[in-house]
Amino acid sequence: MERLDRLEKVIFDGLRTLPKVVVGGLVREVTPSFYRVAGISSFVKLGDRIGLECDEGVRIGEVVRVDDAGITVKPFDGRIDATVGTYAYRLGDAGLCPHSSWKGRVINALGEPIDALGPLVPGERAMPLDNEPPAAMTRSRVDRPLRTGVRAIDLFTPICAGQRIGIFAGSGVGKSTLLSMLARCTGFDTVVIALVGERGREVREFLEGPILANRHRSITVVATGDESPMMRRQAPKTALSIAEYFRDLGESVLLIVDSVTRFAHAARDVALAAGEPAVARGYPPSVFSDLPRLLERAGPGVEGKGAISGIFSVLVDGDDHNDPVADSIRGTLDGHIVLDRAIADQGRYPAINVLGSISRLSDHVWTSEQKELVRRLKMLIARFEDTRDLRLMGGYQPGTDSELDQAVAMVPKIYDALRQDPSMPSSSDAFMELAQFLRQ
C-alpha cells in the first residue's frame with residue numbers, strides 16, 4: 001500500500017512539472033468588427049481571452065460566440081490585424097488583482113496603467129470581472145445618510161451610503177459637471193471612477209478639476225470614445241471589480257460611472273457581432289440582462305463588510321427619458337435625478353428638475369419636519385411652473401390666490417438657493433442655507 005502511495009505521488013508530481021499545453025487554432029474569417037477562429041471550439045467558453053499573434057506582438061480579444069464551426073472573437077484593440085491563417089490561442093479567464101497602492105492611479109479597461117507613473121503592484125486576491133453580487137438576504141440595510149454637498153440633491157433627493165442613484169440627462173445639460181461636484185463628496189475611504197466613452201480632452205479636466213482634492217484616494221478607469229466597444233464594455237466591469245475589492249476590505253466606496261448608456265451601446269455592438277437579433281430600438285436582449293447584472297453589483301455588502309455607493313450617469317438619447325435603456329436603468333436603481341434642458345437654458349445649474357427626481361431612500365434621511373417642508377416646497381414649485389404661461393400672458397392678479405402669491409414670492413428665492421457650480425464650496429447644511437436664502 002505504501003508503494004502504491006509513493007508511486008501515485010511520483011506520478012502527480014511529474015504531471016505538475018509538465019509544460020502547460022497551449023490550445024490554439026487558425027483564423028478562418030475576418031470582418032471589420034470581429035474574426036473567427038476554427039479548431040478551438042471544444043476548449044473555450046464565453047468570456048475567455050484569446051491571444052492573436054501578429055507582427056506587432058500579441059493582440060487580445062474575447063470570445064463572444066462559440067459554435068461547432070469555430071469561435072467569434074471580438075478584439076479589445078479597435079484594429080483588426082488578423083489575416084486568414086493567423087494563429088490564435090486561448091489565454092484563459094479574465095481577472096484583475098487590485099491592490100491598495102492603486103489609489104491615485106489612472107488605468108485602462110484592462111487594468112493597465114496609463115498615467116506614466118510606473119507599473120501597478122498586483123494584489124494577492126484575484127477579482128473576477130463578472131462577479132456575482134452578494135446574496136439578497138446577506139446584504140446589510142441601507143440607512144446611513146450621506147451628505148453630497150450639492151444643495152439641490154441634499155434637499156430634494158437625499159441619498160444614503162450604499163444607495164445606487166442615476167443622473168439622467170441629454171447631452172450638454174451639465175451631467176459631467178454635476179458628477180465632478182459629487183466626486184468631491186467626503187465620508188468615503190475610496191473613490192472609483194469609470195469614464196466610459198468620454199471625450200479624451202475631458203479626462204484631465206475631470207481629474208485635475210474639482211476632484212483633485214480626492215485624487216489621492218481615487219482610482220480612475222478610462223475608456224474614451226475612440227476606443228473599441230470591447231474596452232468601453234469592459235471599463236465599468238473593471239471599476240466594479242476594484243470597488244468590490246475595497247468593499248470586501250470593509251471600506252466605504254464611492255463608485256461613479258459616466259456613463260452607463262455608453263456601456264449599453266458597447267454591449268449592443270458586441271451582441272450584434274455575436275449574432276443576436278435586435279429587439280428594441282436596435283438593442284439585443286442580452287443588453288437588458290447585462291444592465292441589471294452590472295448595477296446590482298453596487299450597493300451594500302454583506303453584514304460586517306463595506307458598501308459601494310453608486311452614482312451612474314445615463315445619457316438620454318434625444319432627451320427621451322422613456323427610451324428602453326433609460327427605462328430599464330431607472331427601474332433598477334434606488335432613485336433618479338433628472339437634468340432638464342429647459343432649466344439649463346434658463347442658466348440655472350445644476351439643472352435638476354426637483355419635481356421629476358426622486359430618491360427611494362429619502363425617508364431614512366429626512367426628519368418628519370423636513371419631509372413636510374420638502375412636500376410643501378415641491379407643491380409651491382409645481383404651482384409656480386403650472387401657472388408660468390398664465391403669468392406671462394398677464395392673467396395673474398396678486399391677492400386673488402394666496403397660495404399662488406406665496407409661490408410667486410418664494411420659488412425664485414428657492415431657485416437662487418439651488419444654484420451651485422464647481423467653483424463654489426460644498427454645502428454643509430442644505431436646509432439651513434435654504435432658510436438663509438428665504439429670509440432675504
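Modeller: The structure holds 31 salt bridges. The term means a side-chain nitrogen of Lys or Arg within 4 Å of a carboxyl oxygen of Asp or Glu. Side chains of opposite charge can pair when their charged atoms come close.

A word on the basis. This is a predicted model, where local features need pLDDT of at least 70, side-chain atom pairs count only at pLDDT 80 or more, and totals for chains, interfaces and linings use all residues. Residues are numbered from 1 along each chain as its sequence is written, and side-chain values use heavy atoms, with hydrogens and water left out.

Start with Asp130 and Lys237. They form a salt bridge, and their closest N and O atoms are 3.2 Å apart. The pair links distant parts of the chain, 107 residues apart. Asp130 sits in the loop between strand 9 (127-128) and strand 10 (145-146), while Lys237 belongs to helix 5 (residues 229-248). Helices (H or I, at least four residues) and strands (E, at least two) are DSSP runs, numbered from the N terminus. Lys237 is buried, at 9%. Here buried means under 20% relative accessible area, exposed means over 50%, and partly exposed is in between (1.4 Å probe, protein chains only).

Next come Arg151 and Glu433. Their side chains meet in a salt bridge of 3.1 Å, N to O. Arg151 lies in helix 2 (residues 151-156) and Glu433 in helix 13 (residues 430-439), so the bridge ties together parts that are 282 residues apart in sequence. Arg151 counts as buried, with 10% relative accessibility. Glu433 is buried too, at 16%.

Now Asp334 and Arg164. Their side chains meet in a salt bridge at 3.3 Å, N to O. This pair also links distant parts of the chain, 170 residues apart. Asp334 is in the loop between helix 8 (324-332) and strand 18 (335-338). Arg164 is in strand 12 (residues 164-169). Arg164 is buried, with a relative accessible area of 6%.

Step back to the charges. The protein has 54 positive and 59 negative side chains, and the centres of the two sets lie 2 Å apart. Lys and Arg count as positive, Asp and Glu as negative; His and the chain ends are not counted. Each charge is placed at NZ of Lys, CZ of Arg, CG of Asp or CD of Glu.

The secondary structure comes to 13 helices and 19 strands. The C-alpha trace spans about 100 × 50 × 40 Å along its principal axes. Of the 440 residues, 51% count as buried. Contact means heavy atoms within 4.5 Å. Of the contacts with a separation of 6 or more, 72% come from residues 24 or more positions apart.

Ala82 gives a local view of such contacts. Ala82 is found in the loop between strand 5 (70-75) and strand 6 (87-92). Ala82 counts as buried, at 8% relative accessibility. Neighbours within four places in sequence aside, Ala82 is in contact with Val27, Val30, Tyr35 and Leu52. Ala82 and Leu52 are 30 residues apart in sequence, yet 7.3 Å apart in space, C-alpha to C-alpha.

Finally, some backbone details. Most residues other than glycine have a negative phi, and most peptide bonds are trans. A cis peptide bond joins Asp258 and Ser259, with omega about 5°. Ser259 lies in the loop between strand 15 (252-258) and helix 6 (260-273). The peptide bond from Tyr349 to Pro350 is cis as well, with omega near -5°. Pro350 is in the loop between helix 9 (341-345) and strand 19 (358-359). Ala116 has a positive phi, near 60°. Ala116 is exposed, at 80% relative accessible area. Arg281 has a positive phi of about 50° although it is not a glycine. Arg281 is in the loop between helix 6 and helix 7 (285-295). Arg281 is exposed, with a relative accessible area of 56%.
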